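The sequence and the structure come first, and the description follows.

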Amino acid sequence: MTKQWGDRIETLIDELRPELQELSEYIYEHPELGHEEVKSSKAHVDLLEKHGFEVEYPYLGISTAFKAVYKGGKAGPTLAYLSEYDALPGIGHGCGHNILGATDTGAGIVLSKLVDEVGGTVIVLGTPAEETNGDKVTMADADTFDDVDVAFCTHPSDKNYASGKSMAMEAIEFRFYGKTAHAAATPFEGKNALEACINFFNSVSTLRQQLRPTARVHGVIKEGGEAANIIPDYTRAEFYVRAMDMPYLNELREKVIRCAEAGALAADCKMEWSHYEASYKNLITNETLSALYNDNMHSLGVEMVTEPRESMGSMDMGNVSQVVPAINPYFEITNGKSVSGHTTEFRECTLTEEAYEAMEKTIAGLTYTALDLITDSEKLHQVKEEFLNNVKV
Ligand SMILES: [Zn+2]
Ligand SMILES: [Zn+2]
């Protein structure tokens, strides 16, 4: 990136910073759970409209989702930035989605000030409910990314992790049906749906011994019966089944379902299952795109951590990464301290000067990367080639 662009981008970010800080703090003060992000989505939409974006809101029939588009004066690639703004129960923005939204929306706004000159289209997507029933899944399944060349989402963290992997996940509910009876007087007339459910848990524990070390199967009993003197005729368990790739997840799901069938069979009960939340695919980082972003962050004095992470969860960005080249890097907001996400301590970090400086650097890195792709068609071609080879099989 030339010095001339660097200075322009720095000025644009400096000018925008008070509005982004205001957005992040407003959302922090009004934490809203997934699909209830009425104020949070509106605040993003207002800012994007003020900066000349055409906004579709609600989007895809989802009341707290939006699609904001800024078309540049010249032809060029389409770059999408994905904003999240849902909070957690009890602890508000313990995952830092207030500053996540401000950062990704901020990057879209900064790039929109340049595409009239360099070409291209900027899209900012408001993607609700990342913590529960993420609508990036809905968008990946719809036509949202058909015309998008590259998608970015950045997340606050306690380290500058390069975009890596996330686990594929299915949320499955298992329901067991038996027959009530007096537990003391006539137990022989009953069919115990709780025993079926307990058998299921024990079968999963047996299965777990032979699973790949990276796989995860974990559940809770949500309904376990009414009273100790009644044989339960209905129980319900919720599970998450996770694996590092889709083929193994598909295999694992079938094995877990067989455990539930076995549990029901042993207790002479019936079993049904269904999904209770959206399923997330594993994140496939576009390494060409990731290397470009990491180099740009390096030029801004930020070293990205490229070693594989020890712990990981699942995210709806995974589904996006399987329909369009994408990265999901992290930016450090904890001033060198080790602070886990989903805590009140992490939430407080989002309001610090260090966090805002990290936000500014991240926006600069995203903008540099976007300009590289717009001005160097060979680079964009390499990104797409990798996607076609790795993802679209
Ligand atoms: Zn998060
Ligand atoms: Zn989270």
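Is phenylalanine 174 buried or exposed? Phenylalanine 174 is buried, with a relative accessible area of 0%; buried means under 20% relative accessible area, exposed over 50%, and partly exposed in between, with a 1.4 Å probe and protein chains only.

## Basis of the description

This is a predicted model, in which local features need pLDDT of at least 70 and side-chain atom pairs count only at pLDDT 80 or more, while totals for chains, interfaces and linings use all residues. Residues are numbered from 1 along each chain as its sequence is written, chains are lettered from A and ligands numbered from 1 in the order in which they are written, and side-chain values use heavy atoms, with hydrogens and water left out.

## Overall form

The chain holds twelve helices and 14 strands, where helices (H or I, at least four residues) and strands (E, at least two) are DSSP runs numbered from the N terminus. Its radius of gyration is 24 Å, close to the 21 Å that the globule rule gives for 393 residues, so the chain is as compact as a globular protein of that length. The radius is taken over C-alpha atoms, and the globule rule is 2.2 Å times the number of residues to the power 0.38.

Along the principal axes, the C-alpha atoms fill a box of roughly 85 × 45 × 40 Å. Of the 393 residues, 55% are buried. Among contacts with a separation of 6 or more, 80% are between residues 24 or more positions apart; contact means heavy atoms within 4.5 Å.

## The six-stranded sheet

Six strands form an open sheet in the order S1-S2-S4-S3-S5-S13, with mixed pairing. Strands S1 and S13 (326-327) are the edges, each pairing on one side only. Two strands pair if DSSP finds at least two bridges between them. S1 and S2 are antiparallel over three bridges, and glutamate 56 stands opposite lysine 67 in S2.

S4 has S2 as an antiparallel partner over six bridges, with valine 122 of S4 as the bridge partner of tyrosine 70. S3 (residues 78-83) pairs with S4 in the parallel sense, also over six bridges, and alanine 80 stands opposite isoleucine 123 in S4. Six of the six residues of S4 (residues 121-126) are buried, so this strand is largely enclosed by the rest of the structure. In a regular strand the side chains alternate between the two faces of the sheet. In S4, Thr121, Ile123 and Leu125 point one way and Val122, Val124 and Gly126 the other, and all are buried.

## Aromatic pairs

Rings of Phe, Tyr and Trp (its six-membered ring) pair if their centres lie within 6.5 Å; planes under 30 degrees apart count as stacked, over 60 as edge-to-face and the rest as tilted. By this rule the count comes to 13 aromatic pairs. The ring centres of phenylalanine 53 and tyrosine 70 are 5.7 Å apart and the planes stand at 55 degrees, so this pair is tilted. Phenylalanine 53 is in the loop between helix H2 (38-50) and strand S1 (54-56), and tyrosine 70 is in strand S2 (residues 66-71), so the pair ties together parts 17 residues apart in sequence. Both residues are buried.

Phenylalanine 174 and phenylalanine 200 form another tilted pair, at 4.6 Å centre to centre and 55 degrees between the planes. This pair links distant parts of the chain, with phenylalanine 174 in strand S8 (residues 168-177) and phenylalanine 200 in helix H6 (residues 193-208), 26 residues apart. Phenylalanine 200 is buried, with a relative accessible area of 0%. Ring pairs join Phe174, Phe176, Phe200, Phe201 and Phe239 into a cluster.

## Charges over rings

A charge sits over a ring if NZ of Lys or CZ of Arg is within 6 Å of the ring centre and within 35 degrees of the ring normal. Arginine 212 lies over the face of tyrosine 248, 3.8 Å from the ring centre. Arginine 242 lies over the face of tyrosine 240, at 5.2 Å from the ring centre.

## Zinc site

Donors are N, O and S atoms within 2.8 Å of the metal (3.2 Å for Na, K and Ca); water is not among the atoms, so sites may look incomplete. Cysteine 95 coordinates both the zinc ion (ligand 1) and the zinc ion (ligand 2), which are 3.2 Å apart.

Cysteine 95 is in the loop between S3 and helix H3 (97-112) and histidine 155 is in strand S6 (residues 155-157), 60 residues apart. Cysteine 95 counts as buried at 10% relative accessibility, and histidine 155 counts as buried at 13%.
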